[in-house]
Amino acid sequence: MSAEEGSAMESAMDENAEFQRLYCDAIRMHASLAWPRRWSITGSVTRVNSGETTGRRRDRKQIVLLAVVASVAASIMIATALHTQRPANDGRLSAVAANSDARINEPGLQIDSPARANFVGVLSNTANVAWKAEATRAVGTPLRPGWLRFDSGMIQVDFFGGARLIVRGPAEIQLRSSSEALLRSGEATCFVGELGRGFRLLTGESEVVDLGTSFGMRVVPNQRPEVHVFEGKIAIRQNPQSDPVELTEELAVRLDSKKLSPVEYAKKQFPGYQDLQNERASKSQQRYDTWKLNAAKLSLDPSVLVHYTFEDQQDGDIEVLNRAKSKSVGSSGAIMGATWGEGRWPSKTGLHYRDRNDRMLFKVPGKHDSITFLIWARVDALMGQRTALLLSEHPGRWILNGSMPGHELHEAIARHADAPAKMCRWTLETHGRPTLNLAFEGRIAESHQWDSYIAPPSVAKKSDWGRWSCLAVTYDTINKMVVHYHNGLPIHTTPLARPEPLLLQCMELGNLSVPTERPHSNVDYRFYGVIDEVLIAKRALTEREIAAIYETGNNAQ
C-alpha cells in the first residue's frame with residue numbers, strides 16, 4: 001500500500017461510516033480465518049519441506065485464501081477512501097476549471113485543478129467575528145469552496161496555493177479554489193509569497209491577479225470597487241474581454257467595466273495582520289477580565305470544595321493553591337512533573353502535562369451525596385484507551401506518589417473499607433467519550449464491580465485536539481442522575497444505578513498511580529495537554545450554572 005493510499009484510508013476512517021463498516025467486516029473475516037491457527041496478519045509464514053503434513057497443506061491454502069481476502073478487502077477500502085475524497089461537482093468548480101484552461105497561456109495566471117479543491121485553505125485567525133447565517137467557525141478549521149459571511153470583526157484565511165487574505169467585516173467572500181476567491185463585499189488585504197504568485201481575487205466582472213506581494217481591495221454595495229497596491233505589482237482585468245493592465249506599488253484605482261479611475265492611495269484604511277492581532281488581544285483581555293471576576297464569585301460559593309484557578313502564582317511553584325473559601329487542609333494540589341505555562345488566554349496560566357508521570361495530587365475529605373466535577377482543558381492528544389481527568393484512589397495506592405502520616409493513612413484506609421463506593425474515576429475513554437466509573441466491592445475479595453456512565457464522544461477527532469473545552473459531570477443521589485456536559489450543554493443523562501454517597505479523600509488530576517509490581521499491565525491514564533481550571537462542588541450544579549461558567553470562561557474570539 002502506498003503512502004497516498006494509506007493517508008486516504010486514515011482520512012476515510014475518521015469521516016466515512018461506510019468505510020468503517022467495510023474495515024470492520026475485513027477484520028472480522030481475518031479473525032474468523034486466522035483464529036483457529038493463531039495466525040497474525042503481520043506475522044511471518046514458516047516455510048515447510050516437501051514432506052509437510054496434510055494439515056500444513058490445508059494451513060497454506062487458508063493462508064493463500066486469507067491473503068486474497070485481505071487483498072480484496074484492502075482494494076475495496078482504498079477505492080472507497082479515494083472515492084470519498086473526491087469533491088462534489090456542483091458546476092461552480094467546473095466553471096473555474098474552464099476559465100483556467102482558457103487562460104493557460106496568459107502570463108501570471110495559473111491553473112488550480114478542481115480535483116485538488118476538497119480543501120482550499122484554513123481559517124488561521126479570527127478577531128471578534130460575528131458570523132452571519134451560519135455556524136461559528138473555529139480557528140484552525142480547514143475550508144472547502146464556498147461562502148464566508150460575517151457582520152463584523154476580522155478573519156485570516158491562508159490558502160493552500162500560497163496566498164493569505166485578511167478580511168474585515170461586514171463581508172461576504174466566496175472561496176473558489178486554493179488560488180482564487182471572489183469578494184462580494186468588505187475590505188480585504190491580500191499577501192502573496194513566491195509560491196502564491198498568480199492568486200486571483202475577483203469582484204463581479206473584474207479580476208485582480210497578484211504578481212507579488214500585497215494589495216488591498218474594498219467592495220461596498222452600490223459603489224465601484226477599489227484596489228490599492230501596497231508592494232510589488234498586480235494585473236487587473238476590468239472584464240473577461242479586456243486585456244490585463246499592470247499596476248505598481250503605492251498606486252490606487254477604482255474599477256469600472258470600461259476604465260480604471262485613479263483614487264487617493266490609503267494603505268492604512270485596509271486591515272493588516274497587526275490590526276487583527278490588536279483586535280484579538282483587546283477582545284481576549286476583555287474576556288479574561290470577565291472570567292476573573294466570575295471565578296472569584298465561584299470561589300465564594302460555600303458548596304465549592306476545590307477551585308483551582310491557576311492564577312497569581314509563580315512558574316516555579318510546587319503546588320496549586322485552592323482558592324475555594326470552604327477549602328480544607330491538604331486540598332492544595334502537589335505538582336508532580338507537570339509544568340506551568342500559558343492557559344486559555346495569553347495573560348492566564350495553566351498546568352501543562354507532557355510526560356507519562358505528570359500528575360497533581362490533593363485531598364478532599366468527607367462523603368458526599370452529590371458532586372460536580374468541572375474542568376477547563378485543552379486536549380492535545382489521546383495517548384491511550386483512557387485519559388485521566390479527576391480520579392479518587394485507594395490510599396495505599398495514592399501514596400505511591402504522595403505522602404501521608406502513618407496514623408492518617410490508617411484512618412483513610414479504614415474509611416475506604418467502610419465506603420460503599422470505593423473509587424470514582426472521571427476519564428475520557430476511547431475516542432474521547434467522557435466517562436464516570438464508580439467502583440463497588442466485588443464478590444471476590446479485593447475485587448471491584450464497576451458502574452460506568454458513558455457519554456457520546458466530545459473530544460473525538462484529531463481536528464478537535466488543541467482546542468479548549470469545558471467538561472463537567474454531576475453525580476446526584478437526590479434525583480438519582482448522572483449528567484455529562486460539554487461546553488455548557490448537557491450531552492448525556494443516565495439514571496443512577498446505585499445512589500450511594502461518594503468518598504473522595506485521595507485524589508489525582510491528570511493521571512493514575514500504577515503499582516510497581518504491575519508494570520506489565522501497560523496502564524497509561526496520562527492526560528496530554530493543558531488544564532487551567534478545576535472545580536469540585538458538593539452539590540450538583542444546575543444546567544444554567546454550568547452554561548454560565550462556560551459562557552464567561554469561553555476563550556473563543
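1. A salt bridge is taken here as a side-chain nitrogen of Lys or Arg within 4 Å of a carboxyl oxygen of Asp or Glu. The model is a predicted one, and by that criterion the structure holds 23 salt bridges.

2. Lys233 counts as partly exposed, at 33% relative accessibility.

3. Arg425 is bridged to Glu393, the closest N and O atoms lying 3.3 Å apart. Arg425 lies in strand 20 (residues 421-429) and Glu393 in the loop between strand 19 (387-392) and helix 6 (395-398), so the pair ties together parts that are 32 residues apart in sequence. Both Arg425 and Glu393 are buried. Elsewhere, salt bridges that share partners join Arg168, Glu187, Arg218, Glu226 and Arg254 into one network.

4. Arg176 and Glu180 also form a salt bridge, their closest N and O atoms being 3.7 Å apart; Arg176 is buried, with a relative accessible area of 18%, and Glu180 is buried at 4%.

5. Trp131, in strand 1 (residues 121-131), counts as buried at 14% relative accessibility. Beyond its neighbours within four places in sequence, Trp131 is in contact with several residues, among them Leu123, Arg137, Phe150 and Ile155. Its C-alpha is 7.7 Å from that of Ser152, 21 residues away in sequence.

6. Cys190 is buried, with a relative accessible area of 1%, and Cys424 is buried, with a relative accessible area of 1%. The count of disulfides is zero.

Key
Residues numbered from 1 in each chain as written. Predicted model: local features only at pLDDT ≥ 70, side-chain atom pairs only at ≥ 80, totals over all residues. Heavy atoms only, no water. Disulfide = S-S within 2.5 Å. Buried < 20%, exposed > 50% of the residue type's maximum accessible area, 1.4 Å probe, protein only. Helix = DSSP H or I, 4+ residues; strand = E, 2+ residues; numbered from the N terminus. Contact = heavy atoms within 4.5 Å.
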